[in-house]
Amino acid sequence: MVTLDRDGLIAAIECKDPAFNEALRQEAFRTKVAHIGTEVYLRGLIEISNICRKNCLYCGIRRDNASCARYELSDAEVLAAAARAARQRFGSVVIQGGERTDAAFVRKITRLVKAIKQIETDSEGGRPLGITLSLGEQPREVYEEWFEAGAHRYLLRIETSNPDLYHRIHPQDSQHSFERRMEALLDLKAIGYQAGTGAMIGLPYQTAADLADDLLFYKRFDAPMIGMGPYNPNDETPLTLSGAPYPSDAERLELGLKMIALLRLLMPDINIASATALEVLSPRGRELGILSGANVFMPNVTPDEQMVKYNLYDRKTLLRDRPHPGESLFADSLGESLRNGRITIGFGRWGDSKHFTASKP
Ligand code: SAH
Ligand code: SF4
């Protein structure tokens with residue numbers, strides 16, 4: 001139903017016909033099930049710190065946002081969150097946070113990666129937790145140190161594959177360079193990480209052609225996993241304050257789901273995350289992401305007190321990813337699709353991308 005070349009992708013992205021969009025999502029869901037099954041892999045998301053040395057114009061935890069109350073989880077808090085993820089049989093964790101390159105932080109991550117590997121699990125014969133890091137651009141030696149410590153996946157979004165748009169949504173200085181970001185992605189891949197990337201969807205100034213180019217970029221980069229999601233405004237950021245228009249909530253939700261669907265058709269066996277940012281736009285946002293072709297779900301295991309301070313964008317509600325008495329773990333977030341069996345959960349599975357495994361000798 002869609003030609004997967006640039007023109008076909010642009011036409012699909014621009015199409016506002018609800019019947020077409022629904023049929024596209026259904027086709028992507030069928031493609032996913034045919035290639036990788038109904039199973040959704042879990043990654044417990046640990047938001048380690050909202051301290052950041054960068055100043056991305058769209059991000060609520062940017063360095064110059066004086067009204068952001070900063071925090072950093074202690075080693076004990078991170079390990080408790082990882083242990084909680086292991087107890088709930090999530091199989092993997094993601095450690096995400098603001099970008100920091102100071103020696104104390106680098107060593108802390110190395111120490112924590114090693115310690116998380118020691119946490120007992122009942123996954124696949126006691127296999128330790130899988131670890132994804134998402135801690136921004138780092139010197140190659142740091143990526144190597146963390147890889148040797150035991151991290152094996154890294155998520156670094158390109159944010160947009162259009163260098164001009166990249167420059168419009170970042171300060172014009174050497175700390176925010178498209179070329180440097182690209183180089184960091186290549187470093188990650190060369191070291192042996194499963195290097196995931198992604199972009200924001202529905203940004204000010206972004207065109208349908210930009211979004212089509214993002215999809216083609218993922219394909220060219222041969223990414224084993226993609227974590228992309230809607231842009232959501234944060235009222236304290238220069239990008240929101242500039243008044244530059246961007247698509248409505250309903251449009252960004254539709255676009256976010258459509259990008260997942262198109263990517264699934266383009267790359268049938270990769271891991272695609274259903275972004276938290278979808279949940280801001282609909283209470284069923286992440287479930288809809290999975291029904292549109294995503295296969296990775298990241299329950300937030302950050303303590304509540306800090307989670308509310310990790311305001312990349314304005315969060316309307318606290319994510320309800322905690323188990324409730326008498327209810328199944330994902331009753332809120334995945335409920336209906338779990339009950340009718342369209343989604344099954346890969347408890348205790350690392351959930352490496354089939355694409356990545358298939359490409360290894
Ligand atoms: N500092 C690291 C990781 C934390 S930020 C990094 O930048 O790579 C993780 C992601 O949050 C970013 O890649 C960006 O795509 C996303 N993000 C930041 N502000 C956002 C916003 N206003 N709306 C949607 N996503 C946002
Ligand atoms: Fe920092 Fe990442 Fe936010 Fe940029 S997007 S300001 S690097 S946390």
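A residue is counted as near a molecule when one of its heavy atoms lies within 4 Å of that molecule. In this predicted model, 18 residues surround ligand 1 on that basis, and the closest are Y58, R157, E159, R181 and N232. A polar side-chain atom of E159 is placed 2.5 Å from an oxygen atom of ligand 1. The backbone also takes part: a backbone N or O atom of N232 lies 2.7 Å from a nitrogen atom of ligand 1, and a polar backbone atom of G97 is 3.1 Å from a nitrogen atom of the ligand.

Empty space in the protein was examined next. Rolling a probe the size of a water molecule over the atoms shows where empty space is left. Two cavities of 30 Å³ or more were counted. The largest cavity has a volume of about 900 Å³. Its lining is made up of 47 residues, and those nearest the centre of the cavity are Q96, S134, R157, E159 and L312. R157 and E159 are also among the residues closest to ligand 1. The elements that give two or more residues to this lining are the strands β1 (39-49), β2 (92-97), β3 (130-134), β7 (225-226), β8 (229-230) and β9 (271-272), together with the helix α11 (276-281). By class, the lining of the largest cavity consists of 25 nonpolar, 13 polar and nine charged residues.

The largest pocket has a volume of about 310 Å³. It is lined by 19 residues, of which I13, K16, P247, E251 and L255 are the closest to the centre of the pocket. Two or more lining residues come from each of α1 (6-14), α8 (208-221) and α10 (249-266). The largest contribution is that of α10, with four residues. The lining of the largest pocket divides into 10 nonpolar, four polar and five charged residues.

Helix α1 also has a buried side. Its buried residues are G8, L9, I10, A12 and I13, and they pack against α2 (18-36), α8 and α10.

F297 lies in strand β10, which covers residues 296-297. F297 counts as buried because its relative accessible area is 0%, and buried means under 20%. Leaving aside residues up to four places away in sequence, F297 touches V40, Y41, L42, R43, R286, I290, D321, F330, S333 and L334. The C-alpha atoms of F297 and T276 are 8.7 Å apart in space, while the two residues are 21 residues apart in sequence. N55 is placed in the loop between β1 and α3 (75-87). With a relative accessibility of 5%, N55 is buried as well, because this value is under 20%. Its contacts beyond four places in sequence are R62, R63, D64, P171 and H176.

Two residues other than glycine have a positive phi. R89, in the loop between α3 and β2, has a phi of about 65°. D222, in the loop between α8 and β7, has a phi near 55°. R89 is partly exposed, with a relative accessible area of 32%, and D222 is partly exposed at 37%. Both fall in this class because their values lie between the limits of 20% and 50%.

Conventions
Residues numbered from 1 in each chain as written. Chains lettered and ligands numbered in written order. Predicted model: local features only at pLDDT ≥ 70, side-chain atom pairs only at ≥ 80, totals over all residues. Heavy atoms only, no water. 1 Å grid on protein atoms, 1.4 Å probe; cavity = no way out; pocket = protein on both sides within 12 Å on 5 of 7 lines; lining within 4 Å. Points joined across faces, edges and corners; volume = space filled by probe spheres on them. Nonpolar A, V, L, I, M, F, W, Y, C, P; charged D, E, K, R; others polar. Buried < 20%, exposed > 50% of the residue type's maximum accessible area, 1.4 Å probe, protein only. Contact = heavy atoms within 4.5 Å. Polar contact = N/O pair within 3.5 Å; in protein donor to acceptor, adjacent residues only side chain to side chain.
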